[in-house]
Amino acid sequence: RQVLFRKDNSFLQANGPSLHASMPEFCTKVEGNVLYFGDIRSGNRSHVVSIDDAHDYLEKKSLCSGLTVDDYEFLGKCFFQFGQFEQAHEQYAAGLAVTFNPTLRLDRARLYAHEGKDDLALAELDVPVRLPELIYHFEKAEILFDLKRFQEALDEINQAIAGRDKNYAPAFAIRARVYVAMGEYEKANQDFEKGIQLDPNSAVIWNLRAWSLATAPNLANRDPVNAIEYATKAAELDGWYGDRYLDTLAAAYASSGDFEKAIRWQTEAIARVPLLRKGLYEARLELYRNRKPYVSNSEVGGL
C-alpha cells in the first residue's frame, strides 16, 4: 500500500492535515496505481497517493473534521485519474453543493469530455467562472481540445497569448499541440521553437515536439531521427519517470523502424500507465509487435 508523502518525506496520517493548502500550485500525474502531484513551475514531485490512500483519506477525514471544497477537488482528481468516474462525479457534486467552485466546474467538464458527454462538458464551460484569465483560457482550451473542437481551443490560447503571456512557454506548447491536431505543422514547429527558446528545460515541450515528428500522418512531416533525440531529451529531463515520455520514445523508435526498442519502451510505459490510458498503450504495443509504426490523428502525447 502506498502512502502520502510531503516534500520532506514525512508521512501524512490519514486523519491528519489536509493536502489542499498547497493544491493551487500543483498539477497531477498518474503512473500505475500511484498519483503524483508535481509543482507546475519547478516540476518537483511533492505528493504521492495511491487509490487506497484516496479511499482511506475520504473515509477518515469525513469522520474526523469533515471535507472541505478543496478536499472534494483533490479526491475528484484522484478518482478521475484512476478511472473511478462515478466516485469522481460524487466528489465534484458534493463540492459544488457546498459552494460555487470554478475549478470543480472545469474538472467536471474534463471528466464529461473524457466520458464522451460533449453537451454536458460544453454546458460546464458556458458557466461564468471567477478564475485568473490565464488559467481559464488554458483550462478551457485543454477541454475543447479533448472535445476535438480545435478551432475553439486555438481561439482560447490566442486570447491568452495576445494578453499577458507572450513570453510564457506553455502557451506556445499548447498552441503547437493544437496546430499539430489541425495538421498545420509549420505553425506548430514555429511555436515549438518559441516554447523551447523560452524554456529549454521543459520536458513537456520536447515531448510534444517529438510526438509530432514521430507520429505525423503525412510522411513528409515525420522526422524519426530528431523524434528519437527529442523524446530522449524529454525522458532525461523527466528523470526517465513518466509513462507519457516513454510512450513517445517508443513511438519515435517505431517511426524509425527499430521495433525492438519500440516494444521495450512501450512495455515499460505500460507498466507505469494508469487504467485511463492503458488501452491506448496496449494497442500501440500490438502495432509494434506487428512491425507497424503508430500514426496519430488528433491525439497528441506529452501532457
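The chain folds into 14 helices and three strands. The model is a predicted one. Of the 303 residues in the chain, 52% are buried. Among contacts between residues at least 6 apart in sequence, 56% join residues at least 24 apart.

**Packing of H2 and H4**

Two of the helices are H2, which spans residues 69–81, and H4, which spans residues 102–115. Angles under 35 degrees count as roughly parallel, so H2 is roughly parallel to H4. The crossing of H2 past H4 is left-handed.

On the H2 side, the residues that meet H4 are Val69, Tyr72, Glu73, Lys77 and Phe80. On the H4 side, they are Thr103, Leu104, Asp107, Arg110, Leu111 and His114. Sorted by class, this contact holds five nonpolar, two polar and four charged residues.

Arg110, in helix H4, is one of the residues that meet H2. Is Arg110 buried or exposed? Its relative accessibility is 19%, and since buried means under 20%, Arg110 counts as buried. Which residues does Arg110 contact, leaving aside its neighbours within four places in sequence? They are Phe80, Glu139, Glu142, Ile143 and Asp146. Phe80 is one of the H2 residues in the contact with H4.

**Aromatic pairs**

The count of aromatic pairs comes to five. A pair of aromatic rings is described by the distance of the centres and the angle of the planes. Two of the pairs are described here.

Phe80 and Phe85 form one of them, with ring centres 5.9 Å apart and planes at 55°. Planes under 30 degrees apart count as stacked and those over 60 as edge-to-face, with the rest tilted, so the pair of Phe80 and Phe85 is tilted. The two residues fall into separate accessibility classes: Phe80 counts as buried at 6% relative accessibility, while Phe85 counts as partly exposed at 23%.

Another pair is Trp206 with Tyr230, whose ring centres are 5.2 Å apart. The planes of these rings stand at 50°, so this pair is tilted as well. Trp206 belongs to helix H10 (residues 203–215) and Tyr230 to helix H11 (residues 224–238). Trp206 and Tyr230 are both buried.

**Residues with positive phi**

Where does Trp240 sit? Trp240 is in the loop between H11 and helix H12, the latter covering 243–256. Its phi is near 55°, a positive value in a residue other than glycine. Trp240 counts as partly exposed, with a relative accessibility of 32%.

Arg291 is found in the segment that follows helix H14 (275–289). Phi of Arg291 is near 60°, again positive in a residue other than glycine. At a relative accessible area of 57%, Arg291 is exposed.

**Accessibility of individual residues**

The table collects the values for residues discussed above.

| Residue | Relative accessibility | Class |
|---|---|---|
| Phe80 | 6% | buried |
| Phe85 | 23% | partly exposed |
| Arg110 | 19% | buried |
| Trp240 | 32% | partly exposed |
| Arg291 | 57% | exposed |

Phe80 ties two of these topics together: this residue of H2 meets H4, and its ring pairs with that of Phe85.

Key: Residues are numbered from 1 along each chain as its sequence is written. This is a predicted model: local features need pLDDT of at least 70, side-chain atom pairs count only at pLDDT 80 or more; totals for chains, interfaces and linings use all residues. Side-chain values use heavy atoms; hydrogens and water are left out. Axes are lines fitted to C-alpha atoms, for helices over the stretch in contact, and angles run from 0 to 180 degrees between N-to-C directions. Helices (H or I, at least four residues) and strands (E, at least two) are DSSP runs, numbered from the N terminus. Angles under 35 degrees count as roughly parallel, over 145 as roughly antiparallel, 65 to 115 as roughly perpendicular and the rest as oblique. A crossing is left-handed if the near helix is turned anticlockwise from the far one by less than a right angle, and right-handed if clockwise. Contact means heavy atoms within 4.5 Å. Ala, Val, Leu, Ile, Met, Phe, Trp, Tyr, Cys and Pro count as nonpolar, Asp, Glu, Lys and Arg as charged, and the others, Gly among them, as polar. Buried means under 20% relative accessible area, exposed over 50%, partly exposed in between (1.4 Å probe, protein chains only). Rings of Phe, Tyr and Trp (its six-membered ring) pair if their centres lie within 6.5 Å; planes under 30 degrees apart count as stacked, over 60 as edge-to-face and the rest as tilted.
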